[in-house]
Amino acid sequence: MLIANRGEIAVRVITTLRRLGLWSIAVYSDADVDAVHARLADEAVRIGPAPAAASYLSIAHIMSAADRTHADACHPGYGFLAESADFARACAEAGITFIGPPASAIDAMGDKITAKAIVAAAGVAVVPGGGAAGMSDAELADVAVSVGLPVMLKPSAGGGGKGMHVVNAVSELASSIATARRESASAFGDSALLVERYIPHPRHIEVQVFADAHGNVVHLGERECSLQRRHQKVIEEAPSALLTPVQRDRMGAAAVAAARSVGYVGAGTVEFIVPGDNADSFSFMEMNTRLQVEHPVTEMITGLDLVELQIAVADGQQLPFTQDEIGFDGHAVEARIYAEDPAHDFLPSAGILGVVDLPGGDGVRVDSGVESGATVGVDYDPMLAKVIAYGADRATALRRVDAALARTSILGVHTNIGLLRALLVDSDVRSGHLDTGLIESRLESLGDQAIPAVVPIVAALLDRLGREPGGAVVDPFDIPSGFRVGGPSTEAIAVEIDRQRYDVQIRGRAASASVCGSGGEFVAASIARDGDRVTVRVGDRVVRLRCFVAPDASVWLGLSGRSWRVGRVKRDAPRASGAGASTRADLRSPMPGTVTVVHADVGAAVRTGDPIVVVEAMKMEHVLAAPFDGVIADLPAQQGDRVALDALLATVEAGS
């Protein structure tokens, strides 16, 4: 079986194939030569350069790999070609079993516009909206106005939160439609959009369905997916804390009806939107004709292997159970770990993973496709791992997944683990009062995660430790002990942690020092490092951290699941006094990525907030805008350029 995907889903499929005694064939791009999935499979084949369009999204390259390896079947995973009817047809024409629904069902449900019409005809309530393939931007804007603002723009050809934008005013329509089209084309190879009425404070609940080729269709319960950021799921659970058994049966029956309406075969997910906490008023949003990222929570409460079921159904077998024979036991919660920086607008983060230490324990499962030494680039989705926990009840599952995240260490890129842990202890999350806007409405409080006072002290002590001579025999006058005639001196060290400055004063050697953090008093301290493990004593507290020195000489520190990048270290450098307002601003790339749009030219006048350059990374766009009224003095950025973090893209000078 060839797996037409990468990362954790490829590893997930390989795991089941090994248990079933089936030969696994991985595919990889030039960016994934040393990736875990390529090494774990029984066989691996190169399919092209790093950009997805030339590798994982290329049907010709995937089919060539299947032909060269004499593959009998192909599993598409999720994302990339998983919902491509053309890919399903190409497999059928080549005599390869496609582990998914027939192309006709993908055509029907893969286009959200068509899907809504089909399920509505089957008696399932749908969200009001409109749109059609080939519509111009102006026609889409007219549909939005007729539906009534606010509206949601959604890619017709895919999901996963990419390309989705809420539009609140007519003045925002043109720019939002253009951005949504670019993101949709980048992620799915199709820029067609759907317009739906935006429902405030909704819950997002989806139902897992399974159908075989013999007419049997069942549901495997629901998953609560309301905790989202920018329409991308972050934490999912099964079952939903909202539904009663009667409501679960009704929603499950609607999902089964939707699957039957297109002659569905295989695993699929029917997604519903619930206004507020009124589960009786659910409406169909879309059907994902593939396995979902969050399928592990369903596996945990049903005891089923959904990949194994997919393979059995694709092989022509009947489902081994009826609806009445499916049982649900306990509760499961999944947390997605992303390479992104919550403290800076969730920008994608790229780099080398110096430390990847993922948790285990009772009721804990981790699905991941990364390991220590792996490179996180900008060409693919930023998800690094999924941590899933099971418990006899919801409270236990929530507690276990939080504890597992606290034991997780990922250093070398920023991650959202701190945000995940803050969410898991939020009072509304704990009580089950959720909606898709909860994270956005709490970003200030959820993101207000002060750096522990010990972290700057560790950074300063590590700097001191790195400057001390090692070995058994040293010249005592070479040791920065702080001794001076008249008493010990103090060394002032300024460290930059995640772009914030912290001042630390140190007396003595790193192994026997006294330190003073910002505004504090001197206390005894010591530090010892053993590889990537650091033990520090500050006063009567002993803390154990993880440490990684990146190729750019920055130091990453990790504690309780969170991580911080130590950038610049300045010694005996007093804090600079305030300065006047700048009349010149350099706009630098906030992330490694690709320049997709350049809105102006050198010499052009700009007003505050005018977009100048758009950078895309990991299928997300970031707009760099003019910080004040002025003129573009320099514009190194060109459309199509691949740029590094902090690369100069434009310079604006005040004036006219």
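**Close-up views of a predicted model**

**View 1. Surroundings of Ser-24.** Apart from neighbours within four places in sequence, Ser-24 is in contact (heavy atoms within 4.5 Å) with Met-1, Ile-3, Ile-14, Leu-17, Ala-41, Asp-42 and Glu-43. The model is predicted, local features needing pLDDT of at least 70 and side-chain atom pairs pLDDT 80 or more, whereas totals for chains, interfaces and linings use all residues. Residues are numbered from 1 along each chain as its sequence is written, and side-chain values use heavy atoms, without hydrogens or water. Ser-24 is located in the loop between H1 and strand S2 (25–29); helices (H or I, at least four residues) and strands (E, at least two) are DSSP runs numbered from the N terminus. Its relative accessibility is 1%, so Ser-24 counts as buried (under 20% relative accessible area, 1.4 Å probe, protein chains only).

**View 2. The largest nonpolar core.** This core (buried Ala, Val, Leu, Ile, Met, Phe, Trp, Tyr and Cys residues joined through side-chain atoms within 4.5 Å) has 33 residues. Leu-227, Ile-235, Ile-337, Leu-405 and Leu-423 have the most contacts inside it. At least two residues each come from strands S12 (232–238), S15 (331–338) and S22 (383–391) and from helices H12 (394–406), H13 (417–424) and H15 (438–441).

**View 3. Contacts of Ile-235.** Not counting residues up to four places away in sequence, Ile-235 touches Glu-224, Cys-225, Leu-227, Val-333, Glu-334, Ala-335, Leu-420, Leu-423 and Leu-424.

**View 4. A second core.** Leu-461, Ile-527, Val-534 and Val-566 are among the 31 residues of a second, separate core.

How values were computed
Buried < 20%, exposed > 50% of the residue type's maximum accessible area, 1.4 Å probe, protein only.
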